[in-house]
Amino acid sequence: MSSGAFTRGERTSFTTRVLPAGATARLRRIDAVRDPRSRPRPAFIAVAHGSRDPRSAATMSAVVADIARHRPDLDVRLAFLDLNTPSVDHVIDAVAAQGHTEAIVVPLLLGSAFHARVDLPGILAAAGSRHPLLRITQADVLGTEDRLVTALRDRVSRVGADPADSGMGIAVAAVGSSSAAANRITGQVAAALAAGTSWQTTICFATTEPALPQAVSELRRRGARRVIVAPWFLAPGLLTDRLAAADRTLRHAATIGSHPLLRDVALDRYDTADRVHLELSA
């Protein structure tokens, strides 16, 4: 399965940008002739959801610290949509005050739902009005691409799931959405997780159906003798605790957390948004 096999988010800079036909080839030409060191790199603002659970903010701080260590050429900042500080507004005000003329906002979100499509673009539009000399571009969400599925497979393997074990069932547990289409996209993670293994997999959700007990019943019906819960979450929090409380007899893998592949995907989202900006400005 190739990278980007599933639907990702939308890139926004107050008006939706659509990559023109043939842009990939032109991007290569731009990259070949335009030294990125000839202009200051845009600030990298990583935006996490936020949670009342302090483990969540600590995990996202570790993720962003890893990004910053890996790319010391970038000014990398963490912001939260809700419940934690600093807020997106605060971070944008700070990078503008420090003289940045460009910023790329990378949503550290697995799905392209309300926060990515409505909430964050609204915040960025207001920030653009406050700082007309700061160009703000919203990059794609992290999405459900292969590298993140691989990271999830690593987490599952660390709690004892043998890829050759045909009696192993994996319940992939996600947040869940009011959008059936969004849930169908997330559901593809379970099938992707099974690729190259003998596992039985299925999807369940913390906030809608099918819930974890239904997923476990389905896996056992399909012949699974052992079941592990694979949380399709970036960080632990109240919802992962709810999933754990639903069946304490099951083993639960860790959340994706500060995995190198999460860092790589986030950096790809930033670099892609930056290249598209160069293409549209060329």
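Analyst: A residue is called buried if its relative accessible area is under 20%, exposed if it is over 50%, and partly exposed in between, for a 1.4 Å probe and protein chains only. Helices (H or I, at least four residues) and strands (E, at least two) are DSSP runs, numbered from the N terminus. The model is a predicted one, in which local features need pLDDT of at least 70 and side-chain atom pairs count only at pLDDT 80 or more, while totals for chains, interfaces and linings use all residues. Residues are numbered from 1 along each chain as its sequence is written, and side-chain values rest on heavy atoms, with hydrogens and water left out.

Since five of the five residues of β4 (residues 76-80) are buried, the strand is largely enclosed by the rest of the structure.

What joins β4 to strand β3? Strand β3 (residues 43-48) runs parallel to β4, and five bridges join them; two strands count as paired if DSSP finds at least two bridges between them. Within this pairing, Ala 46 stands opposite Leu 78. Helix α2 (residues 54-70) belongs to the picture as well, for β3, α2 and β4 make a right-handed β-α-β unit. Right-handed here means that, with the strands pointing away from the viewer, the path from the first strand over the helix to the second runs clockwise.

Helix α2 leads on to other regions. Ala 58 has its place in α2 and is partly exposed, with a relative accessible area of 46%. Arg 263, in helix α9, is buried, with a relative accessible area of 14%. Leaving aside residues up to four places away in sequence, Arg 263 touches Asp 66, Ile 67 and His 70, where contact means heavy atoms within 4.5 Å.

Beyond residues up to four places away in sequence, His 100 touches Arg 41, Ala 43, Asp 75, Val 95 and Leu 134. With Asp 75 there is also a polar contact of 2.8 Å between the side chains. A polar contact is a pair of N or O atoms within 3.5 Å; within protein, one must be able to donate a hydrogen and the other to accept it, and residues adjacent in sequence count only if both atoms are side-chain atoms.

Another part of the chain holds an open sheet of four strands in the order β8-β7-β9-β10, with parallel pairing. β8 and β10 (251-252) stand at the edges with a single partner strand each, so one side of each is left without a neighbour in the sheet. Two bridges join β9 (residues 226-231) to β10, and Val 229 has His 252 in β10 as its bridge partner. Helix α5 (residues 146-157) packs on the sheet and touches β7 (168-174) and β9.

The nonpolar side chains complete the account. A nonpolar core is a set of buried Ala, Val, Leu, Ile, Met, Phe, Trp, Tyr and Cys residues joined through side-chain atoms within 4.5 Å. The largest core has 48 residues, and Phe 44, Leu 108, Leu 142, Ile 170, Val 172 and Trp 232 have the most contacts inside it. Helix α9 (residues 260-281) gives the most to this core, with six residues. Another core, of 17 residues, lies apart from it and includes Val 91, Leu 120, Ile 123 and Ala 127.

For the chain as a whole, there are nine helices and ten strands, and 50% of the 282 residues count as buried. Among contacts between residues at least 6 apart in sequence, 78% join residues at least 24 apart.

How values were computed:
Axes are lines fitted to C-alpha atoms, for helices over the stretch in contact, and angles run from 0 to 180 degrees between N-to-C directions.
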